[in-house]
Amino acid sequence: MGPKLNPASRSPALSPLELWNPLQVASQFQSPLGPVSKSLAQEPFGLQEKQLLQGPVKPLDWRYPIAPEVQSELAVDFQLRQPVTPSSVAVQCGENRVLVEVQQDLFSNGQLIQPSGLSLGGCPVVGQDPVSRVLIFEYELQDCNSVLMMNEDELIYTFSLTYSPEALAGTPITRADGAIVGVQCHYQRLQNVSSDALRPTWVPYASTEAGQEVLLFSLKIMMDDWSYQRPLYTYFLGGVINIEASVKQYNHVPLRVFVDRCVATQAPDVNSLPRYSFIENNGCFVDAKTTASSSRFMPRSQVDKIQFQLEAFMFQEGNSPSIYITCILKATIASAPSDAQHKSCSFANGWFAADDNDQVCGCCDSTCGPDGEFAASPYGGFPSLQSELAVDFQLRQPVTPSSVAVQCGEKRVLVEVQQDLFSNGQLIQPTGLSLGGCPVVGQDSVSRVLIFEYELQDCNSVLMMNEDELIYTFSLTYTPEVLAGTPITRTDGAIVGVQCHYQRFQNVNSDALRPTWVPYASTEAGQEVLLFSLKIMMDDWSYQRPSYTYFLGGVINIEASVKQYNHVPLRVFVDRCVATQAPDVISLPRYSFIENNGCFVDAKTTASSSRFMPRSQVDKIQFQLEAFMFQEGYSPPIYITCILKATIASAPSDAQRKSCSFANGWFAADGNDQVCGCCDSTCGPDGEFAASPYGVRRIQAVSRSEEGPAPGRDDNAVLKCQQDSPFPEVRWTSAVSR
């Protein structure tokens with residue numbers, strides 16, 4: 001009999017904050033069962049009905065295993081702090097030189113940085129005060145890749161003070177944050193200077209400048225109420241970007257400013273691909289017509305300013321969430337009326353002008369005049385300026401449980417998805433939605449619901465098993481499509497985890513029958529299943545940590561454990577652990593921080609605080625690892641893979657079964673420090689992770705990944721057994737995807 005359909009088997013969809021994380025379950029729930037045991041777990045009752053009780057049950061013929069061993073894997077993501085405070089850096093701007101002094105305790109954490117890792121725009125440290133622990137830079141204002149900028153009142157020289165942490169000696173890792181600190185020197189542009197003994201006989205510079213006619217164009221991103229410039233250029237997709245173009249003059253007659261055309265790219269080069277032109281044809285805001293967005297020019301309130309709103313988007317096939325917005329601005333005499341080549345037109349079921357003379361927009365659906373490249377302005381009689389902004393976009397994941405409904409049947413799963421997936425009134429297309437790669441099979445056009453119905457084993461489902469349940473997990477994925485005729489999208493993508501849970505241990509029979517079989521639970525206990533786990537825990541060790549993201553220098557609490565049913569008590573050990581940037585344990589770069597049969601070498605190698613905690617339970621061992629990342633790595637996440645072993649709890653620990661930490665000497669978590677004496681030499685065989693080094697009976701689970709959306713996932717486990725020794729060990733490889 002299969003599982004009954006009840007509230008427990010009807011699993012709700014997971015919200016974005018509760019999306020299934022394959023990392024959190026892979027090492028926790030996978031079990032080293034053989035093929036026969038797996039079939040028993042999935043069809044316990046079909047087997048029981050065939051085992052009729054013919055007489056006294058023959059005693060089970062088996063021996064207690066002694067030393068199981070398991071290789072478990074975790075993936076951890078690290079984040080970088082930027083705790084640089086103004087007190088760490090002092091700047092003095094001279095007439096033609098800049099002096100920068102940097103405290104060696106740059107992050108105010110007691111750790112001194114090395115001069116070789118610090119530079120000012122590529123220029124090295126020129127001096128050092130060993131008493132006050134200060135590093136000194138002194139260079140010309142034009143040196144060190146400085147950038148000269150000019151606004152209405154000031155000349156500004158900008159430098160980048162950069163700290164790049166070096167790898168810890170003998171390792172590929174670092175525990176120090178990098179930092180970039182901006183350094184600026186400001187100098188007043190407009191001022192007349194003379195001594196008391198002289199009267200100036202020259203024409204003041206300010207009046208000469210006004211006579212030369214300087215026009216200052218600007219393009220700024222503004223706050224929602226347009227009151228002042230926005231300090232942050234990060235937006236969510238679908239949000240509205242307020243942009244203001246303006247022109248300033250001194251003694252000139254009043255001017256009217258226009259945005260002639262604008263283009264968005266993923267690189268500063270305005271001619272790079274992909275790119276999207278959203279204002280073109282001499283001031284026609286075509287984005288609203290092309291993508292049905294709310295983008296528009298605002299009614300003009302000042303002749304020297306024009307404001308417009310752009311609905312946030314990103315490039316569908318782009319490799320970066322940031323975009324660059326480049327616009328050409330023009331100015332004409334304010335008294336001159338706008339015309340076909342000087343206008344600000346928006347589309348809303350027709351073209352409308354920001355200056356109210358809508359007739360000038362009549363050419364927006366054809367050609368209004370010359371429209372050359374951005375590299376050169378085509379206008380001969382009017383001043384113009386090419387301005388650039390960089391904007392960063394972020395993805396929301398506002399999917400609510402009410403958007404997705406799941407019903408788990410005896411052997412099939414039914415998933416219903418509202419087309420208004422994000423509850424924002426925008427309907428998604430069926431072609432962009434899939435369940436583990438399987439397409440939509442039905443659609444209710446009245447209620448606007450998309451339907452999936454598949455077998456539990458289809459759609460790249462992942463089957464996991466814990467102590468009480470069989471769990472089928474699917475990934476419901478929405479990938480937004482590009483807006484017609486453009487390379488952009490304004491819709492968020494989303495991944496929603498879908499799970500079906502089925503009870504493992506239950507005996508089912510009708511009221512008219514009495515069971516005549518041996519209960520499955522006792523048979524399972526007779527086979528002696530040992531469950532190893534490797535979990536990342538909260539700071540107080542109370543429960544498993546929901547997030548695997550850490551700051552550099554933080555402490556990761558990891559707990560290894562073994563569970564048994566009717567077995568004698570067991571003691572668990574962490575034999576060795578390695579960190580890599582990919583799920584493959586033999587990939588490079590990699591860093592071995594526990595080795596030599598339980599020696600926590602990280603503290604000795606890098607002077608960290610990493611250590612084993614004093615053991616509180618024989619079936620658990622807890623240890624703390626100080627967070628790090630690879631110096632030359634291409635990705636902040638790392639994968640931690642460990643081999644776990646278990647012995648009978650009454651047996652004392654020895655050189656090959658121990659938990660040793662370093663703190664000016666070696667100390668054992670179990671109190672018998674003498675077993676750590678070999679940690680500075682060799683404690684026993686210490687082979688590669690790919691093959692167990694122990695010359696005894698062993699059971700080894702080998703990963704075999706199928707092609708699918710989650711590469712590296714442990715979809716199939718092949719069990720190989722070798723017998724001949726009375727001392728068994730178990731090795732379990734748990735492969736997870738990012």
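Residues are numbered from 1 along each chain as its sequence is written, and because the model is predicted, local features need pLDDT of at least 70 and side-chain atom pairs count only at pLDDT 80 or more, whereas totals for chains, interfaces and linings use all residues. Side-chain values use heavy atoms, with hydrogens and water left out.

A search of the whole structure finds twelve disulfides, a disulfide being a pair of cysteine sulfur atoms within 2.5 Å. Among them is the bond between Cys262 and Cys327, whose sulfur atoms are 1.9 Å apart; the torsion about this S-S bond is about 115 degrees, so the disulfide is right-handed. Cys262 belongs to strand β14 (residues 255-265) and Cys327 to strand β20 (residues 322-333), so the bond ties together parts that are 65 residues apart in sequence. Helices (H or I, at least four residues) and strands (E, at least two) are DSSP runs, numbered from the N terminus. Cys262 is buried at a relative accessible area of 0%, and Cys327 is likewise buried at 0%, where buried means under 20% relative accessible area, exposed over 50%, and partly exposed in between (1.4 Å probe, protein chains only).

A disulfide also joins Cys284 to Cys364, with an S to S distance of 2.0 Å, and here the torsion is about -80 degrees, so the disulfide is left-handed. Cys284 lies in strand β16 (residues 284-285), while Cys364 lies in the loop between β22 (351-353) and β23 (384-394), so this pair ties together parts that are 80 residues apart in sequence. Cys284 is buried, with a relative accessible area of 0%, and Cys364 is buried, with 7%. Another of the disulfides connects Cys577 to Cys642 at 1.9 Å, S to S; its torsion of about 115 degrees makes it right-handed. This pair links distant parts of the chain, Cys577 being in strand β36 (residues 570-580) and Cys642 in strand β42 (residues 638-648), 65 residues apart, and both cysteines are buried.

For aromatic residues, rings of Phe, Tyr and Trp (its six-membered ring) pair if their centres lie within 6.5 Å, and planes under 30 degrees apart count as stacked, over 60 as edge-to-face and the rest as tilted. By this rule the count comes to 19 aromatic pairs. The ring centres of Tyr276 and Phe313 are 5.5 Å apart with the planes at 85 degrees, so this pair is edge-to-face. It links distant parts of the chain, since Tyr276 is in strand β15 (residues 275-280) and Phe313 is in the loop between β18 (305-311) and β19 (314-315), 37 residues apart. Tyr276 counts as buried at 4% relative accessibility, and Phe313 counts as buried at 0%. An edge-to-face pair is also formed by Tyr591 and Phe628, at 5.5 Å centre to centre and 85 degrees between the planes. Tyr591 is in strand β37 (residues 590-595) and Phe628 is in the loop between β40 (620-626) and β41 (629-630), 37 residues apart.

Salt bridges, defined by a side-chain nitrogen of Lys or Arg within 4 Å of a carboxyl oxygen of Asp or Glu, number 18. One of them joins the side chains of Glu244 and Lys305 at 4.0 Å, N to O; Glu244 lies in strand β13 (residues 240-248) and Lys305 in strand β18, so the pair ties together parts that are 61 residues apart in sequence. Glu244 counts as buried at 7% relative accessibility, whereas Lys305 is partly exposed at 28%. Lys289 forms a salt bridge with Asp365, the closest N and O atoms being 2.5 Å apart. Lys289 is partly exposed at 41%, and Asp365 counts as exposed at 52%.

Four strands form an open sheet in the order β33-β35-β40-β39, with antiparallel pairing, two strands being paired if DSSP finds at least two bridges between them. The edge strands, β33 (531-537) and β39 (611-612), each pair on one side only. Two bridges join β39 to β40, and Arg611 has Gln624 in β40 as its bridge partner.
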